[in-house]
Amino acid sequence: MTKAVADTPPGREQPRPGGPGWWTARRRDRLAGYLFAAPQLAGTVLFVLLPLGLMFWYSLHDWNVLAGGFTWTGAENYERLAADPALPGVLGATAAFSAGLVVLNLSLALVLAILLNQRLRGTIVFRTIFFSPVAVTLVAWTIVWRFLLQDDGGVNGLLSTIGAEGPNWLRGEATAMAAVIVVQVLKNVGLNMVLFLAALQGVPKELYEASTIDGAGAWTRFRRITMPMISPTILLTSIITVVGSLQVFAQIDVLTSGGPGTSTTVLVYYLYQNAFQFHDFGYGATLSVLLFAIVLVLTVIQWQMRRKWVVHED
Amino acid sequence: MRTEHTKAARLTTARSRRAKLALYGLLCVLAVPFVFPTWWMVTSSLKSAGEIFAFPPSLLPAEPSLEAYGRVFEFAPFAAQYWNSMYIAAIVTVGTLAVSSMAGYAFARIKFPGHNLLFLVVLVGLLIPSEVTIVPLFQMFNALGMVDTHWPLILVPVFGAPSVLATLIMRQFFIALPGEIEEAGRMDGLGRFGLYWRMALPLSRPALGAVAIFSFLHSWNLYLEPVVFLSTPEKFTLPQALTQFTDAYGGPMWDVQLSAATLSALPVLIVFVVAQRQFVEGLAHTGLKG
């Protein structure tokens, strides 16, 4: 907002501020612009930029809320981060979760969108069905799945009707991670599905007709026409999904509390544990810096990929 | 010649009918994990505690009873928690609509010095989810004496990172509005606020709808912030409250928990079923433009 003051011409001499000639429609319009944007700008400064700065500041201090004290330790928290024996596991879980989530989410969304894009009656019903978990309260959805995934829960009940015996999903390391990913994908895949469906419907029919005449098969048409045409949507959804996957907290807390062991302790959860369960704010802030860096790097990489990979832009 | 032609056509229709049947079959199988949990949540909330664990699971309650629903309100200040979620989500929705539509309008339609730079500053918010800044946010609200109040759950979504996406959506929409409309408004003697309120806003219903659905759901589902900021059960919002239905040993009381979960999901689900087109397209809009 300092820019507002600086940019208002210092027209102190003529005409006088407040005088009839000074208060022009243009000046009034500029002021309106600043006033309209002011709440959002102030909010960004107060609730985004200020905490971001504080995060870096805190990360340079030793600060346990229970023990008290706030002492400058320089890079000590970062040295601790580099040597943290739990960190490789946490980063591994984060990578496994994000990669699994993005791959499963995008491929399932694409498959569902392609199925719904066929000339079939009643696809709107199926669209509603696949989208419906988006409307279910997140924690309610997760609680139901925690019940269904119990040893004597509904999933194993269903499996037993076809003679299969399911594991205790949330108690095994690999199955717990898989379960957390699948529950999250089912919750939100409808969003990406709708985006893909819109993209598929935007592909000009003539392209398909022309290539069919040229003798291209279904798979070639998909690879050579559909994929390039919807690549901007794939990129967009992958960015949203990757960044979103790094924020997943409730599902982990409700389903596994980071367990068994630390097998589903992703970075956000580890950050929460350190800051709000062990009350170590300094180290919590350091982990926040790491999370921020990961979000930033991934976003930049994906925007760079746009140049290479995305064939067409609207 | 002619019969051959119809024979071939009949063959393709028979084949396409079989393909159609296979497609429907596939869609039905795929639909199970999407529908079953919600179906099971609602029906199990009407079952007795024993029947919930029946093996194999029953699809409909043998003796439907609302008994568990009564206990939801016995074990927790659930009415207060429900009210908290409702009123916070309502304020967040209205607040986000106001803040984002005004900022979006300014960045789209008003040329003021520095508007590009300031817009970039706002966009930084997209890169910094509240999860990243939760530690300093806690400390800030702690310093203001606002821990264990609802203020952080209102102020951060309305003014902070979540509203940035909303501002972006509104800006994209306002940019596409034809300039002649504003010219007409100016001729009628409308000032900036008049142009925004009387001309731009009424035309932007789809974008406003998208932002409303998206910010309501965001607030309704908010979990990390309540867990971090709130400690008094009477102040809890629904997501946090749902996890609290445990017995003396910390094990979940399933029938009560499922009833509470059903109560928390039902209003949004009803809105979704009634207005599903707006709902789906609104949220798709949020994704597309975001």
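Predicted model: local features only at pLDDT ≥ 70, side-chain atom pairs only at ≥ 80, totals over all residues.

Residues are numbered from 1 along each chain as its sequence is written, while chains are lettered from A and ligands numbered from 1 in the order in which they are written.

Start with chain B. It has 15 helices and zero strands. Both are DSSP runs numbered from the N terminus: helices are H or I with at least four residues, strands E with at least two. Along the principal axes, the C-alpha atoms of chain B fill a box of roughly 80 × 70 × 35 Å. The radius of gyration of chain B is 25 Å, whereas a compact globule of 290 residues would have one near 19 Å. That radius is taken over C-alpha atoms, and the globule rule is 2.2 Å times the number of residues to the power 0.38.

Now the interface. Here 78 residues of chain B are in contact with 74 residues of chain A. Contact requires that the C-beta atoms of two residues, placed from the backbone, lie within 7 Å. On the chain B side, helix α1 (residues 2–44) gives the most, with 12 residues. By class, that side has 58 nonpolar, 17 polar and three charged residues. Ala, Val, Leu, Ile, Met, Phe, Trp, Tyr, Cys and Pro count as nonpolar; Asp, Glu, Lys and Arg count as charged; the others, Gly among them, are polar.

One helix pair spans the two chains. Two packed helices are described by the angle between their axes and the distance between the axes. Helix α2 (residues 25–59) of chain A packs on helix α4 (residues 78–109) of chain B at about 125°, with the axes 8 Å apart. Axes are lines fitted to C-alpha atoms, for helices over the stretch in contact, and angles run from 0 to 180 degrees between N-to-C directions. α2(A) and α4(B) are therefore oblique to each other. Angles under 35 degrees count as roughly parallel, over 145 as roughly antiparallel, 65 to 115 as roughly perpendicular and the rest as oblique. α2(A) passes α4(B) in a left-handed crossing. A crossing is left-handed if the near helix is turned anticlockwise from the far one by less than a right angle, and right-handed if clockwise. Contact residues include A:G33, A:F36 and A:G43 of α2(A), and B:V99, B:A103 and B:F107 of α4(B). The contact divides into nine nonpolar, four polar and no charged residues.

Within chain B, α4(B) also meets helix α8 (residues 161–175). Their axes come within 7 Å and cross at roughly 45°. That makes α4(B) oblique to α8(B). This crossing is right-handed. B:V99, B:A103 and B:F107 of α4(B) take part here too, and B:M170 and B:F174 are among the residues of α8(B). Nine nonpolar, six polar and two charged residues make up this contact.

Finally, chain A. Its domain assignment, which is automatic or from a database, gives domain 1 (2–59) and domain 2 (79–309). Their centres, over C-alpha atoms, are separated by 41 Å. Four residues of domain 1 are in contact with six of domain 2. Elsewhere in chain A, helix α4 (residues 87–116) and helix α10 (residues 218–245) come within 9 Å, axis to axis, and cross at roughly 145°. The crossing of α4(A) and α10(A) is right-handed.
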